[in-house]
Number of protein chains: 4
Amino acid sequence: MEKVNKVVLSQVITPRDPQSYKGNYGKILIIAGSTHFGGAAILCSSAAVHSGAGLVTVATTPEKFTAINVKIPEAMTIDYHSKKDLQLAIQNSNVIAIGPGLGTSSVAKGLVKAVLTNTNAEQTIILDASALTIIAETDLLLQSEANLVLTPHQGEWQRLSQLPIAQQTPENSQAKLRELNPKAILILKKHLSEIYYQDKILQIQAGNPGMATGGMGDTLTGILAGFIGQFGFSIKTISSALLIHSLIADDLNEKNYVVLPSKIIEKLPKYMAKFSQK
Amino acid sequence: MEKVNKVVLSQVITPRDPQSYKGNYGKILIIAGSTHFGGAAILCSSAAVHSGAGLVTVATTPEKFTAINVKIPEAMTIDYHSKKDLQLAIQNSNVIAIGPGLGTSSVAKGLVKAVLTNTNAEQTIILDASALTIIAETDLLLQSEANLVLTPHQGEWQRLSQLPIAQQTPENSQAKLRELNPKAILILKKHLSEIYYQDKILQIQAGNPGMATGGMGDTLTGILAGFIGQFGFSIKTISSALLIHSLIADDLNEKNYVVLPSKIIEKLPKYMAKFSQK
Amino acid sequence: MEKVNKVVLSQVITPRDPQSYKGNYGKILIIAGSTHFGGAAILCSSAAVHSGAGLVTVATTPEKFTAINVKIPEAMTIDYHSKKDLQLAIQNSNVIAIGPGLGTSSVAKGLVKAVLTNTNAEQTIILDASALTIIAETDLLLQSEANLVLTPHQGEWQRLSQLPIAQQTPENSQAKLRELNPKAILILKKHLSEIYYQDKILQIQAGNPGMATGGMGDTLTGILAGFIGQFGFSIKTISSALLIHSLIADDLNEKNYVVLPSKIIEKLPKYMAKFSQK
Amino acid sequence: MEKVNKVVLSQVITPRDPQSYKGNYGKILIIAGSTHFGGAAILCSSAAVHSGAGLVTVATTPEKFTAINVKIPEAMTIDYHSKKDLQLAIQNSNVIAIGPGLGTSSVAKGLVKAVLTNTNAEQTIILDASALTIIAETDLLLQSEANLVLTPHQGEWQRLSQLPIAQQTPENSQAKLRELNPKAILILKKHLSEIYYQDKILQIQAGNPGMATGGMGDTLTGILAGFIGQFGFSIKTISSALLIHSLIADDLNEKNYVVLPSKIIEKLPKYMAKFSQK
């Protein structure tokens with residue numbers, strides 16, 4: 001198991017080309033939120049914007065548009081009940097993150113299916129939270145032409161892999177991932193989170209129990225989307241996203257008993273500058 | 001009357017286990033808010049989140065979902081008009097705080113009754129504000145299998161106990177609490193607030209008149225919920241919650257004529273770190 | 001013309017009694033806002049809360065409840081279309097501020113009339129903005145059993161007094177105020193604002209052109225309401241409210257080309273502490 | 001090509017007359033936002049307020065009123081579907097900015113047409129974003145009695161001028177602007193943005209790729225509106241607005257990998273004070 005440390009950050013977070021424009025930094029679609037879980041869509045899309053994503057669109061239920069406008073005026077919105085708008089947004093995006101606060105309704109299932117089946121090899125899908133539950137509990141297969149990133153915590157990985165937490169050894173998890181989809185990247189969120197990709201297993205050398213609070217996973221998903229949108233789909237990009245999330249949290253935890261997701265989000269631009277190549 | 005001082009804080013606010021996850025830090029249900037009193041639900045749930053609660057769900061009227069999403073994206077919401085959703089949320093929670101901004105409508109009365117009768121000895125109910133008025137003014141009895149915490153100010157305690165403020169001596173209040181419910185904890189909010197539990201009477205050695213402003217009690221209730229969710233139901237936990245609330249307010253009051261609840265809330269993570277065992 | 005300087009602040013902003021509670025610091029009713037002028041209600045009530053008002057209720061159109069909950073969770077709301085709720089709120093308040101963003105609809109006129117006619121000598125009414133226009137343009141008389149405070153800028157004073165701005169000399173303004181209502185206090189907002197009360201004319205020795213921006217008057221009205229609620233209706237209270245508003249603005253203006261009302265509001269608790277008697 | 005540097009800022013951002021009032025600093029109408037693009041209206045109007053505009057009215061869809069009230073309580077709102085309200089607002093404004101987040105619906109087209117045809121030589125129109133697309137793609141002519149400012153990025157300029165990006169040389173752009181409207185000012189947004197006006201071509205000596213993020217153009221449009229409202233329509237005013245936008249961004253970029261529009265906006269009052277004549 002390879003350990004991920006800060007070196008990867010300066011390899012990934014490269015200086016921007018002066019001639020570039022926002023289209024160069026990813027077109028991100030975040031499919032998230034539902035009547036009772038509005039905050040997840042906010043945290044996820046806010047994290048994407050603060051991590052430098054060029055263009056962020058949030059597909060959600062229209063009841064949440066006002067809260068999103070207030071909290072992330074930089075983001076655009078669409079109504080995920082509109083098949084036409086959703087289809088167009090999927091086509092126009094490089095990275096699609098689906099799941100935070102989505103719930104497991106039939107609408108949500110339809111959204112997961114639409115994303116898996118309407119994407120191509122140039123695109124990346126991040127499956128998180130409710131999206132993973134839907135795949136675990138329905139007949140939807142974990143198959144897509146797009147690059148796949150799965151972000152379960154241990155309980156979600158149990159539901160998806162059928163591996164009880166006690167049996168989630170690196171070997172077992174690796175084997176199960178191969179069965180489910182040998183091309184996917186698995187991020188197993190836990191104390192010292194692990195990343196599985198083909199033959200590789202990486203471990204994040206950061207994180208703390210002050211992060212054990214609602215919305216922390218939604219925030220990570222947003223950072224992942226922002227990083228993949230800017231720096232491309234790769235194990236290094238994904239390692240960097242996880243590491244910076246935990247490093248910021250560790251610094252905050254020195255002076256804060258609990259680390260609130262919103263506090264991590266607002267520090268992203270500074271930490272990215274700090275670790276960027278000069 | 002025993003005096004509560006800072007020693008209790010480091011006994012209660014213990015370091016977190018690195019292997020822990022958010023489910024270890026309390027599943028809090030806050031039943032609060034109504035059309036004309038939306039802010040109370042916000043302050044109470046925001047205080048719970050900032051005091052480190054693992055998972056916070058706000059049961060309120062749907063008109064308030066947007067404001068809650070904006071101010072506390074870390075929290076989930078349910079519609080308290082849905083009996084099914086409410087019943088499920090009560091079952092899934094360790095701590096239920098009811099009352100801030102709830103009003104005294106028949107819906108509110110039904111909610112108080114549902115909470116008192118659908119909980120068990122593993123759970124704690126915090127009865128605040130409107131919930132106390134409802135119990136004082138209707139035929140609802142102060143009885144539940146759950147642990148009970150009452151948080152009246154002097155006027156509310158008068159309505160509940162029939163003791164005029166001038167007669168609210170420690171002895172009288174203790175006797176009345178025994179009549180009402182001998183297992184409950186009473187927090188009597190006043191200049192130097194008092195805590196009553198069985199044979200014990202404790203007094204908080206902090207607090208200032210800059211706290212005499214709307215929303216201060218809603219905030220305390222949120223901190224109580226967060227602390228009980230993390231540290232368990234005990235007289236020490238409750239003392240700590242009250243003390244930290246007033247200590248932060250005292251520090252703020254040195255440079256602020258009035259102490260706004262939102263300012264106390266945002267300082268919670270730092271003060272908890274400061275007083276936590278190292 | 002007497003000059004108002006900082007001495008008055010320490011006379012008015014006295015230390016709070018440790019035994020006091022929020023009911024001691026004013027029950028403020030702010031009747032403000034309409035579909036197109038929602039921000040005025042927010043700035044006015046936020047200023048009242050930050051200046052230390054004990055309890056603040058905003059009577060407005062329900063469309064604005066969400067924005068008020070987000071920005072001032074410490075405040076309560078009522079729907080000013082409900083005659084019953086409004087009547088009760090007027091009775092229960094010490095200070096009623098009416099006008100910011102209210103517009104001049106027939107509903108607004110009805111509100112001004114209700115306030116003027118349903119108040120008594122123990123109460124204070126602050127008439128601002130639209131409320132002044134309504135009185136200038138309709139047959140409503142500037143009469144009430146309550147204490148009256150008028151807060152026109154020069155254009156509004158012209159409409160109310162029929163005095164063209166060039167003729168608004170101290171003598172003329174004083175004479176016109178006697179005609180309109182000899183017991184009212186007039187605050188004439190301009191460069192070095194003036195206060196007229198019976199034989200007295202006072203001038204505020206602070207203020208700057210960076211304050212020439214939308215919402216500045218709504219903010220002053222909120223501070224006036226908060227101060228009168230806490231410190232009582234008097235020429236000194238009113239002078240203090242005006243002076244602190246301009247002093248904060250002057251400090252901000254040293255480093256800010258334009259002084260935004262929200263910035264003044266957030267500094268109120270600190271400046272009040274600074275000028276309070278120790 | 002003349003280079004724009006900081007000297008122009010102190011020529012334009014002159015000290016305010018102590019006797020002035022908010023009506024002296026521009027009556028700005030911002031026509032922006034639609035169901036899916038609410039944030040653009042917020043950023044644009046917030047930038048106008050923070051840059052010192054005296055009075056800012058946002059014409060948008062009423063669904064966005066709550067978000068605007070929360071984020072910019074200093075601004076007023078109107079419903080752009082009401083022809084009467086819109087007409088009145090156009091008449092009462094010195095500067096009208098149209099386009100951010102407006103979309104290209106028939107309603108939006110009607111708004112652009114109304115603005116172009118109902119304004120006079122005393123007024124300035126800033127055409128941005130969707131407004132430029134509408135003119136490029138419909139039979140609407142770029143003609144008005146008002147002063148015109150166009151703010152396309154290179155892709156929008158291509159649509160408007162038919163010049164492919166590779167052929168957007170200063171000579172070609174200048175020639176095309178003459179064809180389209182010889183009296184208009186063109187701001188071509190790119191790495192080192194250019195300003196075209198009659199015989200002049202200016203280049204902004206500031207800006208960085210951290211600005212390549214959603215909402216950056218909406219923010220510039222708001223600053224332009226605020227500056228023209230206060231300092232008048234001139235090439236110097238426009239140069240100053242562009243330069244200060246980029247200078248703030250450059251300072252932020254030193255410590256932030258991505259420069260969020262909201263961060264630029266909040267620094268406007270300080271930077272304007274810093275560069276103002278003393």
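# Briefing: annotated sites and helix packing

UniProt lists "domain: YjeF C-terminal" (unreviewed entry) for residues 5-275 of chain A. UniProt positions follow the numbering used here, feature names are shortened, and annotations may be inferred rather than shown by experiment. Over residues 5-275, chain A is 46% helix and 15% strand, and the end C-alpha atoms lie 12 Å apart. Helices (H or I, at least four residues) and strands (E, at least two) are DSSP runs, numbered from the N terminus.

This is a predicted model, in which local features need pLDDT of at least 70, side-chain atom pairs count only at pLDDT 80 or more, and totals for chains, interfaces and linings use all residues; side-chain values use heavy atoms, with hydrogens and water left out. Residues are numbered from 1 along each chain as its sequence is written, while chains are lettered from A and ligands numbered from 1 in the order in which they are written.

- For "binding site" (unreviewed entry), UniProt names A:Lys189, A:Lys190, A:His191, A:Leu192, A:Ser193 and A:Gly217.
- These residues span 29 residues in sequence, yet no two of their C-alpha atoms are more than 14.1 Å apart, so they gather at one spot.
- A:Lys190 sits in the loop between strand S8 (185-188) and strand S9 (194-197) of chain A.
- A:Lys190 is partly exposed, at 29% relative accessibility. The classes are buried under 20% relative accessible area, exposed over 50%, and partly exposed in between (1.4 Å probe, protein chains only).
- A:Gly217 belongs to helix H9 (residues 216-231) of chain A.
- Neighbours within four places in sequence aside, A:Gly217 contacts A:Asp128 and A:Lys189. Contact means heavy atoms within 4.5 Å.

- A:Ala40 lies in helix H2 (residues 38-50) of chain A.
- A:Ala40 is buried, with a relative accessible area of 9%.
- Beyond neighbours within four places in sequence, A:Ala40 is in contact with A:Pro100, A:Gly101, A:Asp218 and B:Pro73.
- A:Gly101 is in the loop between strand S5 (95-98) and helix H5 (106-117) of chain A.
- A:Gly101 is buried, with a relative accessible area of 11%.
- Not counting residues up to four places away in sequence, A:Gly101 touches A:Gly33, A:Ser34, A:Phe37, A:Ala40 and A:Ser130.

**A:Ala206**

- A:Ala206 occupies the loop between strand S10 (200-204) and H9 of chain A.
- A:Ala206 counts as buried, at 8% relative accessibility.
- Its contacts are A:Leu192, A:Leu243, A:Ser246, A:Leu247 and A:Asp250, not counting residues up to four places away in sequence.
- A:Ala206 and A:Phe233 are 27 residues apart along the chain, and their C-alpha atoms are separated by 22 Å.

**Helix packing in chain C**

- Two packed helices are described by the angle between their axes and the distance between the axes.
- Helix H7 (residues 154-161) and helix H8 (residues 170-180) of chain C have axes that come within 11 Å and cross at roughly 50°. Axes are lines fitted to C-alpha atoms, for helices over the stretch in contact, and angles run from 0 to 180 degrees between N-to-C directions.
- H7(C) and H8(C) are therefore oblique to each other. Angles under 35 degrees count as roughly parallel, over 145 as roughly antiparallel, 65 to 115 as roughly perpendicular and the rest as oblique.
- C:Trp157, C:Leu160 and C:Ser161 in H7(C) meet C:Ser173, C:Lys176, C:Leu177 and C:Leu180 in H8(C).
- By class, the residues of this H7(C)-H8(C) contact are four nonpolar, two polar and one charged. Ala, Val, Leu, Ile, Met, Phe, Trp, Tyr, Cys and Pro count as nonpolar, Asp, Glu, Lys and Arg as charged, and the others, Gly among them, as polar.

**Chain D**

- The axes of helix H2 (residues 38-50) and helix H9 (residues 216-231) of chain D come within 7 Å and cross at roughly 35°.
- The contact of H2(D) with H9(D) has six nonpolar, four polar and one charged residues.
- D:Glu137 is in helix H6 (residues 130-137) of chain D.
- D:Glu137 is exposed, with a relative accessible area of 55%.

**Chain pairs without contact**

- No contact joins chain A and chain C, whose closest C-alpha atoms are 10 Å apart.
- Chain B and chain D do not touch, and their nearest C-alpha atoms lie 10 Å apart.
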